[in-house]
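The following exercises are to be worked with the sequence and the structure in view. Each task is followed by a solution in steps.

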Number of protein chains: 2
Amino acid sequence: MTVDERREELIRFGRELFSQHAYDALSIDDIAAAASVSKGLLYHYFENKRDYYVAVVRAVTAEMREVLPDPSLPPDQQLRQGIEGYLDFAENHAHAFRSVLDGGVGADADVRQVVEEIRTLYIERILGALSIDSPSPVLRLALRGWIGFGEAATVQWLAEREVARGDLVRMLIEMLNAVFESARRIDPAIDVR
Amino acid sequence: MTVDERREELIRFGRELFSQHAYDALSIDDIAAAASVSKGLLYHYFENKRDYYVAVVRAVTAEMREVLPDPSLPPDQQLRQGIEGYLDFAENHAHAFRSVLDGGVGADADVRQVVEEIRTLYIERILGALSIDSPSPVLRLALRGWIGFGEAATVQWLAEREVARGDLVRMLIEMLNAVFESARRIDPAIDVR
């Protein structure tokens, strides 16, 4: 294997590992043992555990970009498909999802930047689906709030598992509609659909 | 001064300090110099910078409890008063508010616990104002989502200052109403007002 291939393989392995185990629960020794490699090899590719984790988070969030809906679909279908993809992702990477969003290692400046890029991308895709080129500050604030709603609700949903997934999907869709309605009442200049 | 009084004084000082400066921007030396005390004195009362910060965050969030609205007021007035108090707090402690909620030192387990207690208290007060004793899981998820909406929108509002405060207040009120309406549609057994 080339250097790059070996690094990629370690990152692929980390995706599985951090889906199953919390960041804080794993030492570098645990990771090396689980991957059947020496600690020295890990340190050859990654400066420390944080550096390895950030590389894994980057790889995982790249997957979030891949499951974004087809932009040629009608907006309603894009929204539903986007939410389903988001919840698939949250379920498949429950540990990483919760620790990245619920403090913990999510506080790392590099991880925060990756998360912030994804939030911005989601907001851009929603605006793009509705052909809104210059969102007003009120609408941007409302959409950022909706992302916060989705993250908080999804983290609690994963933790408690008391609400049917279909009900969460419906709530997220209804809340996005409510966000647009509220933004339009507050700032009638907003032009939507 | 007694030991307790001196500790209280250092915490009071920290409230001012962390309202003006980000946690990461201050070293223990900076703090000691700003407070005109020796580093040794600080270390006498607090184990390290994190320990000092957690004590300050606890004191600051105690203030959030004091500005909670009078529970004998009608629910609509309580909501408006509660939101105004929350935004007063956010504006008066902008640095602490943003760093606690937007990752950074907010990742500290003790800080997270303080923040989580406040969230739970807000949800309880909303339910109390509406005399809802046993909220369904759908309603709890929706309310937790609304808290996430409010936090995300407030952090962005503080960072950008492009939206009038009154518009944010209105949006938060409208979104709470929308949250109840959505939860009621999804779970018609919810009994509100």
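**Exercise 1.** Determine which residues are in contact with B:Trp146, leaving aside its neighbours within four places in sequence.

*Solution.* The model is a predicted one. Step one: within chain B, the contacts of B:Trp146 are B:Met175, B:Leu176 and B:Val179. Step two: from chain A, A:Phe149 is also in contact with B:Trp146. Step three: the largest nonpolar core has 90 residues, and those touching the most other members are B:Trp146, B:Met175, B:Val179, A:Ala142 and B:Ala142. As a general background, nonpolar side chains in soluble globular proteins tend to be buried together.

**Exercise 2.** Describe how chain A and chain B meet, and state which helix supplies the largest share of the side of chain A that touches chain B.

*Solution.* Step one: 32 residues of chain A are in contact with 32 residues of chain B. Step two: on the side of chain A, helix H8 (137-160) and helix H9 (165-186) each supply at least two residues. Step three: H8(A) gives the largest share, with 16 residues. Step four: by type, this side of chain A divides into 17 nonpolar, seven polar and eight charged residues.

**Exercise 3.** Classify the packing of H7(B) against H8(B).

*Solution.* Step one: helix H7 (residues 109-129) and helix H8 (residues 137-160) of chain B pack at an angle of about 120 degrees, and their axes are 10 Å apart. Step two: angles of 65 to 115 degrees count as roughly perpendicular and those over 145 as roughly antiparallel; H7(B) and H8(B) are therefore oblique to each other. Step three: the crossing is right-handed. Step four: B:Arg119, B:Tyr122, B:Ile123 and B:Ile126 of H7(B) meet B:Leu143, B:Arg144 and B:Ile147 of H8(B). The residues of this contact comprise five nonpolar, no polar and two charged.

Key:
Residues numbered from 1 in each chain as written. Chains lettered and ligands numbered in written order. Predicted model: local features only at pLDDT ≥ 70, side-chain atom pairs only at ≥ 80, totals over all residues. Core = buried A, V, L, I, M, F, W, Y, C linked by C-beta atoms within 7 Å. Buried ≥ 20, exposed ≤ 12 C-beta atoms within 10 Å, placed from the backbone. Contact = placed C-beta atoms within 7 Å. Axes fitted to C-alpha atoms, helices over the stretch in contact; angles between N-to-C directions. Helix = DSSP H or I, 4+ residues; strand = E, 2+ residues; numbered from the N terminus. Parallel < 35°, antiparallel > 145°, perpendicular 65-115°, else oblique. Left-handed = near helix turned anticlockwise from the far one by under 90°. Nonpolar A, V, L, I, M, F, W, Y, C, P; charged D, E, K, R; others polar.
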